[in-house]
Amino acid sequence: MNHQKKPVIVVVGGGAGGLELVTSLGDRYGEKGLADVVLVDASPIHIWKPHLHEVAAGRMDMHMHRLEYVAQARWHSFEFQLGRMTAIDRERKTIHIEAVPDFDGDPMLPERELHYDYLVIAIGSTVNTFGIPGADAFTMALDSTHDAERFRQKLVAACMRADARAERGEPHQVSIAIIGAGATGVELSAELRHTSKVLRAFGVHSMDPRQDVRITLIEAAERVLPALPLRISASVEGLLRKMGIDVLKSERVSEVSKDGLATASGQFIRADLMVWAAGIKAPNMLAGLGGLESNRINQLVVDDHLTSTRDPDVFAFGDCAACVWLDGEGTIPPRAQAAHQQASYLVKILDMRLFGKGDPGPFKYKDFGSLVSLGKTGATGNLMGGIIGGSMFIEGLVARVMYRSLYQMHQIALHGWIKSSIDALARIIKRSTEPHVKLH
C-alpha cells in the first residue's frame, strides 16, 4: 500500500461491530480508492457472538453460520491481516502483530508492523472471574468459537461416559454448573436442557435427561437477569424452573476446584462441567496499551466521539471501550446493538476526519430493549424501549421471531438484503435435514 497517497484505516477486531465497520468502510472508501481499509483479527473466521451458547450446546453447527474474513474482504474491498495485535507505537503510527503458527506450531505468518493513519480498536471483551481462586483453571468461558466447540466436545464426552456407567448400573448423573445468570448464562442453560432431552436419538439410551443431567444456574444478585426489569426476571426464572433447571440466587462463588465449586454461604456444588458467565472485562493487553487511558476493567476510555482520550487518531468502541451514556447512567452497556450503532456512527466520524464533512455531534446510544432466548420452548422475554417511546413486555413466538431478527439485521449489514435472504433460506432448508444436536 502507498501510504503517501491514501489514508490507511486499520480496524482491530472482527466482531459484530468491527466487521460491520470495515464492510461499510470498504464499500465507501476502499472500492472507490479513497482509502485503504485493513481488518486485523486473531481468528480467520467470524461468528455472531450471541450464537456461541447454541454452538456450545450442540444446537447449532457453526459451519453454517461462519464467515471467512478473507472472503468478506474480497467482496467489500478491504484487506484482512491474520494475527493478534500486541503493541502500538503511537509516535510512528504503527501496530505490532505477533507471528501466526500453523496447526503443527510451525511458522505460517511472521511478526509484522502495520502503518495506520486512523486506528479503531474493537476487540470485544472476556469474562471477569474477579480473582476467584480456581476460576480460571477449572471453568470455561464462551468468548470464542474455540471456547464453544471445546465445551460442546466436553459435554458430549461427559454424557457418553455417564451413559456407559448407567448401563453398568453405576451412578451416572452429569452435573453442569453455570456461574452468572445474565443473558449468556440463562440462554446457555435453556439450550443445554433441550440438548439433554434429545441425546437419546444419538445413542445415549440409559439416561433420563431431566433426572440425570442436572443444570445449576448460580447468580450473586437477588434475581436472574439483574440488568433487566423485574417482570422479565420473574418470568424467565419461572420458565427455567419449569424446565428443571436449579436456580440459586444471592449465592457468591468463593472457590472453584476440579470437582465443583464452593459458595460464600458454605454450599458445595459438584459439577462435571463449569461455565463462567459472570461479569466482563476488556482483554488484559489493553491495560496501558500504547499509553492510552484505560479503566479498572481494561476498557479504553473514549470521549463522546468515541475518540481515545490521549490520541485523536485512535478510536475504540464496543465492549472494549468505556463511553459515557449521555441519556442514561454510567457507561454504554456491552450489547451487540450498541456496537452496531457505534459502527454506523464511526463511519460519519471518519467522513468528517477524512473529507471535512460536518460533525455528527456526540454519540447517543438508543436502547431498543433486551431479548433473551429460551431455546425450543419458544418463550423469550424482552423489553422494547426506544422503539415505542416507552416499554413493552412481550414473550412467546413474537419475542422469538424478534430475537432471530437481530441476527438477520447483522447479516444485512454485512451482505445486504438479497444475499442475506438467500442465505437464511438455505440455512432453514439445510437445518431441516440435519440432526437436532451436533455430536461430532
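Biologist: What makes Arg84 and Glu98 a salt bridge?

Modeller: This is a predicted model, and the distance between the two side chains is computed as 3.4 Å, N to O. The cut-off is within 4 Å, between a side-chain nitrogen of Lys or Arg and a carboxyl oxygen of Asp or Glu. Arg84 and Glu98 meet at 3.4 Å, so the pair counts as a salt bridge.

Biologist: Where in the chain do Arg84 and Glu98 sit?

Modeller: Arg84 is in the loop between strand E5 (79-82) and strand E6 (85-89). Glu98 is in the loop between strand E7 (94-97) and strand E8 (100-101). The two residues are 14 residues apart, and the pair links distant parts of the chain.

Biologist: Why is Arg84 called partly exposed?

Modeller: Its relative accessible area is 48%. Buried means under 20% and exposed means over 50%. Arg84 at 48% falls in between, so it is partly exposed. Glu98 has 31% and is partly exposed too.

Biologist: How many salt bridges does the structure hold?

Modeller: It holds 13. Among them is the pair of Asp89 and Arg92, at 3.6 Å, N to O. Another is Glu113 with Arg92, at 2.8 Å, N to O.

Biologist: How do you know that Glu113 and Arg92 link distant parts of the chain?

Modeller: Look at their places. Glu113 is in strand E10 (residues 112-115). Arg92 is in the loop between E6 and E7. The two are 21 residues apart.

Biologist: What makes Asp89, Arg92 and Glu113 a network?

Modeller: Arg92 takes part in both bridges. Its side chain meets Asp89 at 3.6 Å and Glu113 at 2.8 Å. Both values are within 4 Å, so the three residues are linked in a network of salt bridges.

Biologist: Why is Gln337 called buried?

Modeller: Gln337 has a relative accessible area of 18%. Buried means under 20%, so Gln337 qualifies. Its place is in helix H9 (residues 336-355).

Biologist: What makes the pair of Gln337 and Tyr365 a polar contact?

Modeller: Their side chains come to 3.5 Å. The cut-off is within 3.5 Å for a pair of N or O atoms, so the pair counts as a polar contact.

Biologist: How is the packing of helix H1 and H9 described?

Modeller: Two packed helices are described by the angle between their axes and the distance between the axes. Helix H1 (residues 16-30) packs on H9 at about 35 degrees, with the axes 9 Å apart. H1 passes H9 in a right-handed crossing. Residues making the contact include Leu21, Leu25 and Tyr29 of H1, and Ala343, Leu346 and Leu350 of H9.

Biologist: What makes E15 and E19 edge strands?

Modeller: The open sheet of four strands has the order E15-E14-E13-E19, with parallel pairing. Strand E15 (246-248) and strand E19 (273-276) each pair on one side only. The twist averages 15 degrees from one strand to the next.

Biologist: How do you know that E14 and E15 pair?

Modeller: Two strands pair if there are at least two bridges between them. Strand E14 (residues 213-218) and E15 have three bridges, in the parallel sense, so they pair. Ile218 stands opposite Leu248 in E15.

Biologist: Which helix lies across strand E13 and E19?

Modeller: Helix H5 (residues 145-167). Helix H5 runs at about 150 degrees to E13 (174-179).

Note on methods
Residues numbered from 1 in each chain as written. Predicted model: local features only at pLDDT ≥ 70, side-chain atom pairs only at ≥ 80, totals over all residues. Heavy atoms only, no water. Axes fitted to C-alpha atoms, helices over the stretch in contact; angles between N-to-C directions. Contact = heavy atoms within 4.5 Å. Buried < 20%, exposed > 50% of the residue type's maximum accessible area, 1.4 Å probe, protein only. Polar contact = N/O pair within 3.5 Å; in protein donor to acceptor, adjacent residues only side chain to side chain. Left-handed = near helix turned anticlockwise from the far one by under 90°.
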